[in-house]
Amino acid sequence: GRAEGAGQGEAGAGGVEFVPVPASRADVFKSRSLNVAEKRRLMRVLTFCEEYARDPDRAQFTLPPDGDCAAGDDAAADGAGGFEAFLKSKGLPDALVDLVCDAVVLDPRRTLSAAAGVRAVALYLASMRRFGTPTPFLEPLYGTGELPQAFARVCAVHGGVTALRKPLRAVLLLPPAAAAGTTTTPPPRAVAILTADGDLVATPRLAISRALLHPPPYAARTAPAAFRFVGTAPGPGRISSTHPRAAAFVPAGVAGADAATTIHQLDDSAATTSPPFVLYYAESAPGGSLAALRSTVKALLDADPAAPLRGRFWRAGSCGAEEEGHEEAEGVWAVSVGGDVEEAVAEAR
């Protein structure tokens, strides 16, 4: 999405036009939203990314290693300063830099190093139409609920047991210790879990979202929050009426967004809704506000009073909390075992 302007995209609500992201050389040359000079510069960048991914030693120039985003004297020449600085050093205008960062490498916060960003572009191009879809993205049938189901099936194949209605109260962790001769500290190792009804289960390995794991005593999150929305509305699609399954990337400053926002549109062909309804999922980058996401969703997805959008908003990782500043009422304690397991269990309880 972008502010009003000429292009070959579809008109959206709120004075916003959805512009297709060039996904191949053919798309770049056919795009009417890019002038000739911009097309040439973008093609040079895309070609370099593919060559660098195949053989970094034979690429046109070198890039700093991953994580080296500190700008130096040679920043414009070798990409120091991060992927965004690398794109600008190749003469791409701000609008194209936003397009590549937001919609191709999915880096709205501009955290990728130059080398990581180049590899992400190459992966995007290599994924195009690989699985029979016209984009490099895949969406599971029946929604993302299929992912935990697939995890449960793999667990069962390897002898695991699924326990329903057994929420966790705490995870008992061995404190991390650096290996001899190194300065790197590994993550703590789980040794047991404590369920809400008091059962203690030994476990050599644990997979859990960091959003649910809190060190005692509980402290409110200080990292920038991200907010999400999911809802349905009668068709046709409001992101794209010609492509029923689509994704839109809305830069900060467009349609009320105060942080880069991603919106997914899925119709009944993805088995997420029943005709004539279309499902929409929106998420702001960390640092945005709930009020801004509400404004963006209203402007782009809920402008037709005759076919209202129905859904809900929440803060990412907040266990369903819907208001800004709301502290999570749920979560899993991370308790250090130390030398006394019984004491750790008592603390968790």
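Predicted model: local features only at pLDDT ≥ 70, side-chain atom pairs only at ≥ 80, totals over all residues.

Me: Good to know. How many helices and strands are in the chain?

Reply: The chain has 9 helices and 12 strands.

Me: And what share of the residues counts as buried?

Reply: That comes to 36% of the 349 residues. As for contacts between residues at least 6 apart in sequence, 57% of them join residues at least 24 apart.

Me: OK, on to the sheet. In what order do the 5 strands of the open sheet come?

Reply: The order is S8-S9-S10-S7-S11, with antiparallel pairing.

Me: Which strands stand at the edges?

Reply: Those are S8 (246–250) and S11 (310–315). Each has a single partner strand, so one side of each has no neighbour in the sheet.

Me: How many degrees are neighbouring strands turned against each other on average?

Reply: It's 15 degrees, ignoring direction.

Me: What joins S7 to S11?

Reply: Strand S7, residues 227–234, is joined to S11 by 6 bridges, and the two run antiparallel. One example is Gly231, whose bridge partner in S11 is Gly311.

Me: Which helix packs on the sheet?

Reply: Helix H8, residues 290–301, does. H8 touches S7, S8, S9 (261–266), S10 (277–284) and S11. The direction of H8 makes about 20 degrees with that of S7.

Me: Switching topic: which residues of H5 are buried?

Reply: In H5, the buried ones are Leu96, Val97, Val100, Cys101, Asp102, Ala103 and Val104.

Me: What covers them?

Reply: The cover over the buried residues of H5 includes H2, H4 (83–89), H6 and S8.

Me: And what follows H5?

Reply: Leu106 follows H5, and its phi is positive, near 55 degrees.

Me: Which elements give two or more residues to its lining?

Reply: Helices H2 (36–54), H5 (94–104) and H6 (114–127) do.

Me: Can you list the residues that line the largest cavity? Which ones are they?

Reply: They are Pro22, Leu42, Leu46, Leu99, Val100, Val104, Val121, Tyr124 and Leu125.

Note on methods
Residues numbered from 1 in each chain as written. Heavy atoms only, no water. 1 Å grid on protein atoms, 1.4 Å probe; cavity = no way out; pocket = protein on both sides within 12 Å on 5 of 7 lines; lining within 4 Å. Helix = DSSP H or I, 4+ residues; strand = E, 2+ residues; numbered from the N terminus. Pairing = 2+ DSSP bridges. Axes fitted to C-alpha atoms, helices over the stretch in contact; angles between N-to-C directions. Contact = heavy atoms within 4.5 Å. Buried < 20%, exposed > 50% of the residue type's maximum accessible area, 1.4 Å probe, protein only.
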